[in-house]
Every structure is written in structure tokens, then in C-alpha cells.
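Here is my notebook from an afternoon of looking things up.

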Amino acid sequence: MISQIFILSSKGDHLIYKDCILTTGLLVALFCLCLYLLILLQSHKGLHFIHVRQGGLYWVASTKTNPSPFTIIEFLNRLAALTKDYCGSLSEKSVRMNFALIYELLDEMVDFGYIQTTSTDILKNFIQTEAVSSKPFSLFDLSNVGLFGAETQQSKVAPSVAASRPIMSSRGEQNEIFVDVIERLSVVIGSKGVLMKADIQGEIRIKCFLPTCSEMRIGLNEELSIGKSQLKGYSSAVRVDECRFHQAVKLDEFDTFRILKVCPSQGEQTVMQYQLCDELPCAPPFQLFPSVEKDYVNRVLIFLKLRCDLPPKSTALNVSITVPVPKGSTSMSQELSSPDQTAELQPKNKALLWEIPRFPGGAQLSALFKVDVPGLSSASLLEVGPVSMSFELPKQTCTGLQIRFLRLSPTQTGLSQRWVRYVTHSDSYTIRI
Amino acid sequence: MPYLGSEEVVKELRRALSNPNVQADRLRYKNYITKVIRYMTQGLDVSALFMDMVKASATVDIVQKKLVYLYMCTYASDKPDLALLAVNTLRKDCADPNPMVRGLALRNMCNFRMPGMTEYIEQPIVAGLRDKASYVRRVAVLGCAKMHSLQPNTEIGRDINELEWCGLLVDLCDVFISCLDSHSDGTHSLQMKDLDSWAQSEVLTFLLRYRPRSDDELFDILSLLDAFLLSSHAHVAVATLRLFLHLASAHPTVQADALLRTSAPLLATCGAASRELRFAGLCHVQQVMRSQPGLFGTHYKRFFCGYSEPSYIKFRKMEILVELVNDENVALVLEELRSYCTDVSPELAQAAIAAIGRIARTYSEKCLDILTGLLGLKQDHITSAVIQTFRDLVWFCPQSTAAVCQTVGACVDSPQDSEGKQALLWLLGEHGDQISSAPYVMEGYIDGLKTELSSAVKMELLTAAVKMFLCRPAETQDMLGRLLHYCIEEESDVCVRDRALLYYRLLQRGVEETRKVVTGPKSDPSMSVLTGRQEEPISDTDVTLSSPDDAEEEISLSLGPPLSHETFEKMWLDLETLHRQTLGFPRPRAAPDTLQAALQLVKIQTLAFTPGDTVPWKAYIYTRSTETLILAELLQGDQQAPGSDESLVVSVKQQPVNQHAIRGFVSVLKSVLQTLNVDTL
């Protein structure tokens, strides 16, 4: 049973406050104090606080009974996701502007501390307020209109912001559905280029703007095999260790044809989650060849050669490389191979940050950093520790999972647009030196 | 919360709300109402506007209605007399043709917190229970609960028959009562598949209150719920696990099996995208590992820290890594921990070093190499943490003393913070005889005493210097004299001065006297019996937020780290026999390995026994229970022991003493041996 629900801004202002059962006044001030200690669960006089941080806001629930923390955390996450669905984006500003809508949502979701429903199908009947979009009007929205009705290239590519709009807006009523395959990669590469650990956590997520949607069929790769032993076909099989589905997914055709059948409700939901551990079907996307030397008395030379092992047609975006440097580093000079790359020394974090906005597959980039360290000793070189990278691989899945087709049956009246997007994020990509 | 200038704001809002021009313009009017709610959320007291807001509730605009109701619920308890005026409007809304308005009005009316409210809401609730819209019925059922919490002794719905209640509760979509009802008929119809996940976990929590009447019924329930252990919603899986642990508390194998099956969903939450979920998952893994240490051993790579993870997750993961180390993964785990030692955050680095120190209690050699290597980095916080780890290590496993002393002797730079200094001084004092440079290092500290601020360091220095004097008097005498002189004459801290005076007077009594008082044990291997990994039975309360209030004390045995023959022999000779009992039946004639396996099954380890049918027949066994180590001897056919001709005699020794545990142990032992006897006959 939930006693209170708050949404707090990062500074501790109350944006939303709902008291579900008779409780003793506000205890938020106390909670704000605790927040700075970064503890997930606090309790005060038998009242437990559980918070989740999303979109720069604290989503807090307090409870007097002894529920499973999972329930509350998942509920708060769901609340944040619903708020995002209804308001378009998640930020302090959008919550402030749409607070009436959020109160309305909360009113229907929680009554007397019991979670009533979080499904958009039910909620949409009760929600009357229209979302106020926090984005200003932009000409970009008009870019889909073809000149003289001609089919332009632009209409075939969904703009990246297309999915971040309120699901219930009456303007621009477009029958769109987005299916995203998102993978998170966590890799540890040992000092000799050996792969020490590789995990992929993936999910298929649907964001549906269709007001009513009948059954949708999502076809995955036919050669997809699940589990360690089971192998299908002869050639490169796509394999995952384990997968779990949303409870609404019908799996009667999954075993033979790898087809998921689902009736998506409005808003965002995760249809399938899967994971692959300990082995990658392809080479890890980046290999690093570092060399660290002592140059003059007080200078360290760090030479990094980075190779991208993706297929030549694909690119990695927003690649950033963090290299720890010895304590007390004062300044740095660098030699980078192209002007769009940047590098800076962050003395506070004892690290240098090298950023590459675009990195084409198969390419190799190198950089030379000269770091001045007063009072350098040979031991300091040991501090140039594991290099960590973060990047984004659009149109790419590391497991090779693909969506063969996306069918709405029976065919919708009117045009409905279906988008399939793939992206791989680096959750944690560490290369030891 | 008082808010500067609040009166002005309220006055202005009241003017606007009562302005007929504004009231005529619906959009503007609504805007002002929104403004009121916004101030209310921010903590401004806008209760003075109650009258104006009640007027605003008479509208066809549902959004405006909702906002006004929210306002009224918040301030009803402050303005009970005015709220009564609003009740009439609300009751009128309860009869609105639109079911949404009816539900809304009913719900908010039940949310008013005023003493006399029950008499007004009873009738609408009863009407709501018979409404044709399911939405209103649902609100009404919850209204009953709210009314009950307002006035615990009210009876609602006397005139509603049982069948209707059942229908209502199904309406509530939580089949609580109906599923329990069906239990009484002997047919189980837990139709949980159709519920959404929140209701599922609510039902599972509710079932915790149910006590099955027989084992058959229990297993029926468990097999019905089995599929939910693997639910894709973590909270459902964990709620099911909690129920399993609770219901099957008498069946440890069922519990273990449930834990095994939930390990996959738990591991998945440890890699979830939401950090908070990850943290909760890790905490649960840690709990589960206490009862099933081997469960996650092969998945150790899942607990390697990600680079971008917040530190609270990293700390948790390191604690788990320490606990799941085994022979196969130790090398890789250590390599991973080694890479955290140079982390930017000093707290994290120190925690990683401490984690290596914990592993060193089992795998000392590899860890000592790493720790020695870390000293070479010459970073203050790392050096300090390594020295502290050394101190703990020497205390817990004395066999590593020589290696540690060598390293400390060779270490050139000294820690700068007081924790590290204390650790170094303790090592110097305790093992000064093995560190050749110890007096010179200590002399440095004594010379710098004037600039030392921490009194804890000074106290440690005094103790260490006296201890050193006892083992290396020639080199220490002079500086000890200087130290005592300074501390007695010039030190302003009373504690330090008293400690110095104490040592001074002790030394006056003679060296032998001092030695008796000052030197204690150099290490405490018996501590490792306590701090070593023990299997604890997991209870369902562990998986929740707070700890159990009235935990029943039950005896549970566990294997724990193996005991060597030498240790056993030494302890056996040292300890007194606490309990001797003739069991009343001869030794089982089973094969030796059967006997050993059977005892292992109930967590009793066999150390040695006489082979074959030799007389006298002896067996030595040991086990651990909550914080105590139990050693026992089984004896048959010894001439000296009375009563051992025909039946087994068991003698038990224990450290530390816990009579409760002994009784439990003997009864477990008896039942196993009896079972074996029956089997072999």
C-alpha cells in the first residue's frame, strides 16, 4: 500500500504531491535531506521512502506497510513512463506544465494506496486533459509535406523526435507505430585484446500511436535459437540465451515461425527482453591498441590507436573515450587526426576525454596525448588504468536479431505508418591497458 | 509551510475567482483554478479560498471538477464546516447520469478526512455498490475500505447479500476472497493469469495470510503458482518467491528449489536498465546467497561493475563478488577487483582493496601479491587502505603474517590519514619482532608527535611503543622514555595522558607484569569461525524491507568452511565435554561413505572414523550452528566408557557454549542414525 506519492525536482521543489491514505502531514523536507546521501531506501518512524530517479526528477513513494520494494520501484518507473507517454517528454518543465494531467493520471492509477491500473487502454477512457507540449512549434513538423504531393525521400525516414510526442494529442493525428530493437552492450577486454566478459541485454519496445489497434504480428529471424544447446539451421544462427515476454504476447507461432503476436495498447511497452552472455556473435565493435610511455622528466605520452570493427557501411556515433591519467596532471597537448574530434583533460576526474562524433566502420583513428605531470614517477604510469568507452551504434544489433516483418491484421483502414529502428548502446565498455 | 507573501497571493486569487467577468470566461476561470492547485502543491496555504472553490465545482467540465475535488480533499480536514457545504454538491454528483462523474464524486467524498463524514457517505456507497457501471462499483468497494479506516467499527452493506459481494470483489479484479472461498470447496481456481501484474502481486501478498490446512493443499497452491516464479515482471516473481518461502517453511528442499528457479529473473533484474531496480535485485541476490552460497558462483561476471554505474551499485556488486569467490573464478575476480583499486573515487578504491583483503583470508598468496603491487602506486589513499587491510588480514589469518611483515618493512612511504596510521602502528607494535625497521619507523612518529592532531593515533602509538619495548627493549627504551615524558608532561588530551600514566606505572611494576597486561593474542583464528561464510536459512521476511520482529529461534546446522584435522584435534583437546548421552541404539552398519553422505545431508561433516568393525569404534564429526562450532565424538565398545557396549555414546564439545544448539544437534544426529539403522536392517 502506497501512502504518498511525490514528484520532486532535482532542487527539491514539489512538483506533484498526492496523499493516498491518511498520513501525518508532509515529510518531504526530511526526505530531501536524505536525498543528498544517495540512499535508495530510507525510513522514518515506520514510513519507508522509496525513490527512483528519471528524467532529472525524483519520483518518490512512501509506504507504511511492508511491500516488496520491486513493486514500488516498478510502479514508479511505470508512472514515469506513462508521464512520458502522455506529456511527450520527461523534464521538470513538462511536468510543471502538465501537472493537472498528472494528477488526473495518479487519481486513476492509485486509489487508497492500491495500484488500480497502469494500462493505457483503460486509462485513456478517463483522461480528459490534453497535454501541453513543452516543445515550441517547429518547421520540422511540416517537412513531411511533399512538394506538390510528390513522395519525397524525407517521408520515408522517421525524424528522430517523432516518437517523443504525447500519445493523446489531437493535432497531427498520425497512425504511427514504432518498433525499436534496443541492445545494451557491456564488454570487458583484457590487456592483450582478449575478450574477458561480454553481455548483451536487449529488448523489443513498441511505441504505439494508433488509437485502436488490432493484433500485430512481429516476425523475428527464423533462425533465431534460444538457449545454449538448441541450434537451428546451418549457417550463422542468431542466438540468445534467455528471453522473456510481456504477458500479453501470444506465443503460439513463436516456436515454429518465430512470430510474436501482440495487441499493442497506446504508449510505450516492452514486448520482449532477451540476453546473451559470455560470447558475442561478432567481433567487439572497437579494438584499442594503446601505448603509454614516459617521455621527458615530467611528461607522459599516451598513444591510442582505435579500430572500429563494424561492417564498412555502418557507423558509430558519439564515441567518447575516457582514459585515466596520473594524479596531479596539469596540462595536455594532443594530436588528433581530424578537426571534428575533441579532447580535453579533466583534472577533477583524473581523466582525459576524447570525443569522436562519427566513426565509420572499418576505419582506424589514432591520437597522441602528451600529459604534463609534475613530480612524475615510474609508479604513476600504472595509474593510466582501464579505458572506458561509450558510443551508440544506430541501425545495428550485436546479436543480429532482426525484424523480418511487421503486419497489422486485419489491415487498418487508413494509412498507418510502421517504423522499425535498431540501436545498440554501450552500457559499459572497458578496455584494460 | 509558510510562504512569503502568501496573503497577497491568496487575496489576488480570491478577487479573480469572484470576478463575474472571469467566471463568465471558462478558460480564464479554469486557468485561475489551475493556479490555485499549483500553489497548493508548492506548499502555499490556500485554504482561505475554500468557498470560491466549492462554487467552482458546479461545472460540466470534468477536468475542472477533478481539480476542484483535489483541492477539497486536501483542505477538508482544515475546514470541516465549509466542507459540509461541499458534501451536498458531491452527493448531487453521485447521481449524475455520467458514470465517470458518479465515480469521481464518490471517490473524492470518501477521501474527505473529517470525523462526522461517515453518516454522509454511507448511503452513496451503498448506492454505488449497486451501480450498473463497474467503474463506480469498484470505487464504492474501495470506499468501504476507506470508511472502515475512518471508523473501524462501522458495518457497511448489511443489506447486501453474499452473492453480490462476491460479484463486487471480482469487479475489484482482485479475486482475493473468491480464490479463498474456492479453497474451502477443495477446488482451486486461482485465475491469476487474467489479472494485471499489480493485482497479481497484491493477491500474492494477500495469500501470505492464508494457512493451508494440509500438505496436499499446500502443494496444490504451490504448483498453481509455480509459473509465476518465472514471471517477466520482477515484482511478481519476487512476490511469488516470498509466498513460496513462507508457505514452504517446513520444507527446505522446496524453498531451495524455489530459490534456484528464481535465480534467473533475479539475475535479469541485476542487469535491468533502471538503476534502482538493479540495486534492489542485487540486495536480494545478497540475501539469497546467505542461504545458497553456490547459486550464483558461475554467474560471477554478471556482478562486474559497469563503468557508468553509480557507486551504490558498485559497492553492492563488490560485496557480492567477495562472497561468491571459488577456486575456478578467483583469478578473474581478483583481476577485476584489482582494476577498481585505481578508480577515481577514493571510497570505491578503498572498498575494492578491502574486498581483496576479504578474499585474502581464503586465497592469501594471490591477494598479497596484488596488495603489495598496489603499494607501489604511492597514492596516499591506496597505501592507507592496503595497510588497514593488512592489519585485518594478520588478525584473521596468522599464516600470512610473515609475508605481510616483509612487505610492511619494505614499504617506504607511510599513510597520512589517521586510520591508516593507526593500522600501521598496530602492525609495528604487534609484530615488531618480525619487522626489522620497526623501531626507526616508530621513532619518526614519536619525533613528529607535536604536529599530530588525532588523539586516537597518539593512543595507538603509546600502546605500540610499549609492546615494541617488550620485544626489542634495547632499541626502544630511549624513545619510549621520550614519548611517555611528552605525553605526561605536555599533552593536553586527558585520555592520552591517562593512558601514558597507566603505562608508566605498569612499567614501574616491572617488565613481566607489563607483559602480562599488554600482550594479548596476536591473532584470533577462532574469529574466522564466526566471520566465515555460513549458510543461513532464508526466511520470507528477509526478502522484504524490514527485519522480522519475532523471529522464532530454531536450530539450524550448516557446514561452513572445512576444519583441518590439526585444528580439530587442538580444539578437541582444549575444550571441555559439555554433554554426554547414550543414544540407546548401536552404530549403523551402513557402509562408511553412506554414513558420511547421510550426515552431510543434514549438514554434519565427518572428519574421521574407525574403519570396519574394529572395537572400539569411534567417529569424529563437527558442524556449525548459529555462531557456534559443535564438535562431537561417537563411541561404541570402549571398555572405559560406561554404557558403550551395546549402544553409541555421543560426547559433545562446543565453542562458544550454546545449550540450545547442542540439544538441536543431538536430536538431528539421533534421527539420522536411527534412519540409517532402519535402512540397513
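**Entry 1: one helix in chain B**

Which residues are buried in helix α18 (residues 330-340) of chain B? Before listing them, I noted that this is a predicted model. I found Val330(B), Val333(B), Leu334(B), Glu336(B), Leu337(B), Ser339(B) and Tyr340(B) on the buried list.

Next I looked up what these residues pack against. Within chain B, the partners of the buried residues of α18(B) are α17 (311-323), α19 (346-360) and α20 (364-375). I also found a partner from the other chain, β8 (176-189) of chain A.

**Entry 2: a buried glutamine**

I then turned to Gln255(B), which sits in helix α15 (residues 252-270) of chain B. Is Gln255(B) buried or exposed? Its relative accessible area is 11%, and buried means under 20%, so I wrote down Gln255(B) as buried. A polar atom of the Gln255(B) side chain lies 2.9 Å from the backbone oxygen of Leu245(B).

**Entry 3: where the chains meet**

How many residues does each chain bring to the contact? I noted 74 residues from chain A and 71 residues from chain B.

I looked up the area next. The size of an interface is often given as the accessible area lost when the parts come together. Between chain B and chain A, about 6700 Å² is buried, and carbon and sulfur atoms give 56% of that area.

Then I checked charges and polar atoms. I found 7 salt bridges between chain B and chain A. One of them joins Glu104(A) to Lys66(B), with the closest N and O atoms 2.7 Å apart. For polar contact, my entry reads 23 residue pairs between chain B and chain A, with both residues at pLDDT 80 or more.

Which element gives the largest share of the side of chain B that touches chain A? I found that helix α16 (residues 275-291) of chain B does, with 7 residues. Sorted by class, this side of chain B has 32 nonpolar, 24 polar and 15 charged residues.

**Entry 4: chain A as a whole**

I finished with chain A, for which I wrote down 6 helices and 25 strands. Of the 433 residues in chain A, 55% are buried. The chain exposes about 18900 Å², with 56% supplied by carbon and sulfur atoms.

Key: Residues numbered from 1 in each chain as written. Chains lettered and ligands numbered in written order. Predicted model: local features only at pLDDT ≥ 70, side-chain atom pairs only at ≥ 80, totals over all residues. Heavy atoms only, no water. Contact = heavy atoms within 4.5 Å. Buried area = accessible area lost by both parts, 1.4 Å probe. Salt bridge = Lys/Arg side-chain N within 4 Å of Asp/Glu carboxyl O. Polar contact = N/O pair within 3.5 Å; in protein donor to acceptor, adjacent residues only side chain to side chain. Helix = DSSP H or I, 4+ residues; strand = E, 2+ residues; numbered from the N terminus. Nonpolar A, V, L, I, M, F, W, Y, C, P; charged D, E, K, R; others polar. Buried < 20%, exposed > 50% of the residue type's maximum accessible area, 1.4 Å probe, protein only. Areas by Shrake-Rupley, 256 points an atom, 1.4 Å probe, with all protein chains shown as cover.
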